[in-house]
Amino acid sequence: MANIDVFDLGGAKVGSIELADEIFAPSEVNKALLWEAVKHYRASLRQGTAATKNRKLVAGSGKKLWKQKGTGRARVGSVRSPLWRHGGTVHGPQPRSYDYAFPRKKILGALRSALAAKLADGKLTIVESLELSEPKAKLYRAALNKLEARRTTLLVESGQALSEKLVLGARNLKDVELLLNTEVHPYDLLRNERAIFSRSAIETLQEALKKTVSKRRLAAKAAHAADTSEKEVA
């Protein structure tokens, strides 16, 4: 297991925690799975309200303009025909949902990959607590600067709900997003340059994700590690 330092909001190191290899190892980054998770997330955000009028919705009489035969002109049934100017649109977009089913195991696998990628890039920071003495944006901005979080930043806290003090202090900060560890999506980690977790948030999330790793995969890794150690001894 790899260790990662834990800081306070003043930027001082106050300890360290162990990170599970089955989640945070660089080999766990699955780019294809991350692409699928982002595609699904963005599809679910689409409003799907585009609409065109077909021939039954456009304005105009439904009366036949002239008789079918004998005029020498092309036969026509209505001024609302798609062939005519201001007529209805054929096969145009209609309101729909772009969301689709996405397996929960894939989302959790993508979340493991996103966390591993953040750690590999050196953009994952763990703090003892996200709480400050006063809920002031100025104090939180100064704390984030000390943690080298000067661009887009994701703050992740644990618990059933975000504390009022934390919300009041961080809600007006530009390019700062605040979430609970139960709400984090891989897309949240990828679209923010730096992710800052409280110690309790990363520990709880890590324990939850460890349960989602397949036993077959863990057995294969253990066998590989055993083979490698035997070769080294030989």
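Student: Let's start with D188. Which helix does D188 lie in?
Tutor: D188 lies in helix α6, residues 186-191. Helices here are DSSP runs of H or I with at least four residues, strands are E runs of at least two, and both are numbered from the N terminus. Keep in mind that this is a predicted model: local features need pLDDT of at least 70, side-chain atom pairs count only at pLDDT 80 or more, and totals for chains, interfaces and linings use all residues. Residues are numbered from 1 along each chain as its sequence is written, and side-chain values use heavy atoms, with hydrogens and water left out.

Student: Is D188 buried or exposed?
Tutor: D188 counts as buried, because its relative accessibility is 3%. Buried means under 20% relative accessible area, exposed means over 50%, and partly exposed is in between, with a 1.4 Å probe and protein chains only.

Student: And what does D188 touch?
Tutor: Leaving out residues up to four places away in sequence, D188 touches Y41, L154, E177, L179 and E183. A contact means heavy atoms within 4.5 Å.

Student: How many bridges join β3 to β6?
Tutor: Four, and β3 (residues 124-127) runs parallel to β6. One of the pairs there is T125 with I196 of β6.

Student: Switching to helices. What does α7 look like?
Tutor: α7 covers residues 199-210, which is 12 residues, and reaches 17 Å from first C-alpha to last, close to the 16 Å expected at 1.5 Å a residue. That expected span is 1.5 Å times one less than the number of residues.

Student: Which residues of α7 are buried?
Tutor: R199, A201, I202, L205, Q206 and L209 are buried. Down the axis of α7, the buried residues fall within an arc of 160 degrees, so they line one face of the helix. The arc is taken from the directions from the helix axis to the C-beta atoms.

Student: What about α3?
Tutor: α3 has 17 residues, 104-120, and reaches 24 Å, close to the 24 Å expected. Its buried residues include L108, L111 and L115. After α3 comes G122, with a positive phi near 75 degrees.

Student: Which non-glycine residues have a positive phi?
Tutor: H86 has one of about 70 degrees, and D175 has one of about 60 degrees. H86 sits in the loop between α2 (31-45) and α3, and counts as exposed at 60% relative accessibility. D175 is in the loop between α5 (164-170) and β5 (176-180), and counts as partly exposed at 42%.

Student: Zooming out, how many helices and strands are there?
Tutor: Eight helices and six strands. The radius of gyration is 28 Å, well over the 17 Å that the globule rule gives for 234 residues, so the protein is more spread out than a compact globule. That radius is taken over C-alpha atoms, and the rule is 2.2 Å times the number of residues to the power 0.38. Buried residues make up 35% of the 234.

Conventions: Pairing = 2+ DSSP bridges.
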